[in-house]
Amino acid sequence: MTKTLESVRTADQLPTSTTVVIIGGGIIGVTAALTLAERNIPVVLLEKGHIAGEQSSRNLGWVRKTNRHADDVPLALAADRLWAGLPERVGREVGYQQSGIMFLAANQEHLALQENWLKSVESLSLDSKVLGAREVNERVPRGKGEWAGALYTPSDGKAEPHLATSALAQAAIEKGAVLIQNCAVRTLSTTGGKVSGVVTEHGEIRCDQVLLAGGAWSRRFLGNAGVSYPTLPLICSVLRTAPMEGPTDIAVGGPDFSFRKHRDGGYIITQRAALDAKLTLDHLLIGHRYLSLLRGQGSFLRVSLGKPFLQDLALKRRWRADQTSPFECVRTLDPSVNESLIQEALSNLRKAWPIFENASISEVWAGQIDITPDSNPVIDHIQSIPGLTIATGFSGHGFGTGPAAGQLAADLVSNMTPLVDPAPYRFDRL
């Protein structure tokens, strides 16, 4: 987790029973817990490590509709409304601001792709628009890049990952949800083929429904339960600068860099055109399902084989309820920062906006992203195990839709009218 993450004080004692158990203390699971607690539905959330210790505190903090699949945009629109009301709902600051997001086009080919995306969502009445080079320079001044234009959405924005999930968690506790950290769920309990509880490292909890919101760990948990679910890991390295004068409050995505202003006056920066793909056994087992994705984005990957392969291989793929699970062996995914990518990001950004020559690095971190074959999450019931619902596989863009995705998951678990049509997120599409 980043060093600025707000910690949350949670319960220590495991209840014997509840109505819903949520596995995973990221933004999706925590929002679902808050939503259920607000509906007076008894809920216990179990996190193997710390609340928001993994990707929910390690992402870039972008809240966007831009460049999402058209069928994913309604969830992002719902998230905008929920983000706007979140400070009042939870009684705490989450850093949300509709400051706009701009994706730069390096050439006419890139600009044409942006125009095609805009056409694909024209029925959704977004405020997105294509800008010319002059308009780019007006909104993000003092740059030296020669851009063909940009795709700009003024109503997109940002929130602070080190604040948001912790604030949601504290509000959930105040509304009656029970949250427990450092308590790994090993497996499900079933009676007559239906979920009847979960077995944790500290004992069993009986329940009627389970929501799995385990992020990058979901594939391994489901595999042990006999459910085949495809995700592969990628790693993003990120830096945060000290407070500095910058060109804009707008978040900007360039061809090989991105930046957005942090609430302390610094900037969150990454090498947007490069992610680490540290090979694991899963790449060999299910990599063929990602061929179409690789054809379009394979050049973004920095593939390597090394210690992570052996570390992953050492973790069990099958275990019994009375055996130590992988989730107890690795409490928090804390991948190594790729320092060369950090320097690339800063160098590429400085060429485009020389004002970043004055940037000094305050913090660096890396986060592991779980990618599905179509880059969309699964938010659905698992038909083969009645009582089990999953909300996972957000492919690096779950923080922005987190408040809506968590609520949608809670809707499914509690059999309420869904916030948005859940059809794009059904499990059987994979």
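**View 1. S395 sits in the loop between β21 (388-392) and α13 (398-413).** Helices (H or I, at least four residues) and strands (E, at least two) are DSSP runs, numbered from the N terminus. The model is predicted: local features need pLDDT of at least 70 and side-chain atom pairs count only at pLDDT 80 or more, while totals for chains, interfaces and linings use all residues. Residues are numbered from 1 along each chain as its sequence is written, and side-chain values use heavy atoms, with hydrogens and water left out. Although S395 is not a glycine, its phi is positive, at about 60 degrees. Most residues other than glycine have a negative phi. S395 has a relative accessibility of 10% and counts as buried (buried is under 20% relative accessible area, exposed over 50%, partly exposed in between; 1.4 Å probe, protein chains only).

**View 2. N182 is another residue with a positive phi that is not a glycine.** The phi of N182 is about 55 degrees. N182 belongs to the loop between β8 (178-180) and β9 (185-191). With a relative accessible area of 39%, N182 is partly exposed.

**View 3. F257 and W353 form an edge-to-face aromatic pair.** The search of the whole structure finds 15 aromatic pairs. Rings of Phe, Tyr and Trp (its six-membered ring) pair if their centres lie within 6.5 Å; planes under 30 degrees apart count as stacked, over 60 as edge-to-face and the rest as tilted. For F257 and W353 the distance is 6.2 Å centre to centre, with 80 degrees between the planes. F257 is in the loop between β14 (251-253) and β15 (258-261), and W353 is in the loop between α12 (339-352) and β19 (361-371), so the pair ties together parts that are 96 residues apart in sequence. F257 and W353 are both buried.

**View 4. Y267 and F356 form an edge-to-face pair.** The ring centres of Y267 and F356 are 5.3 Å apart and the planes stand at 85 degrees. Because Y267 lies in strand β16 (residues 267-270) and F356 in the loop between α12 and β19, this pair ties together parts that are 89 residues apart in sequence. Y267 is buried, at 1% relative accessible area, and F356 is buried, at 0%. Y267 and F356 belong to one aromatic cluster with W147, F257, F259 and W353.

**View 5. Helix α1 (residues 27-38) crosses helix α3 (residues 73-90) at roughly 60 degrees.** Two packed helices are described by the angle between their axes and the distance between the axes. The axes of α1 and α3 come within 14 Å; they are lines fitted to C-alpha atoms over the stretch in contact, and angles run from 0 to 180 degrees between N-to-C directions. The angle makes α1 oblique to α3 (under 35 degrees is roughly parallel, over 145 roughly antiparallel, 65 to 115 roughly perpendicular, the rest oblique). In contact (heavy atoms within 4.5 Å), I27, L34, T35 and E38 of α1 meet W83, R89 and V90 of α3. These residues divide into four nonpolar, one polar and two charged (Ala, Val, Leu, Ile, Met, Phe, Trp, Tyr, Cys and Pro count as nonpolar, Asp, Glu, Lys and Arg as charged, and the others, Gly among them, as polar).

**View 6. α3 also crosses helix α6 (residues 161-174), at roughly 45 degrees.** Their axes come within 10 Å. This makes α3 oblique to α6. W83, L86 and V90 in α3 meet A164, A167, L168 and A171 in α6. By class, the contact has seven nonpolar, no polar and no charged residues.
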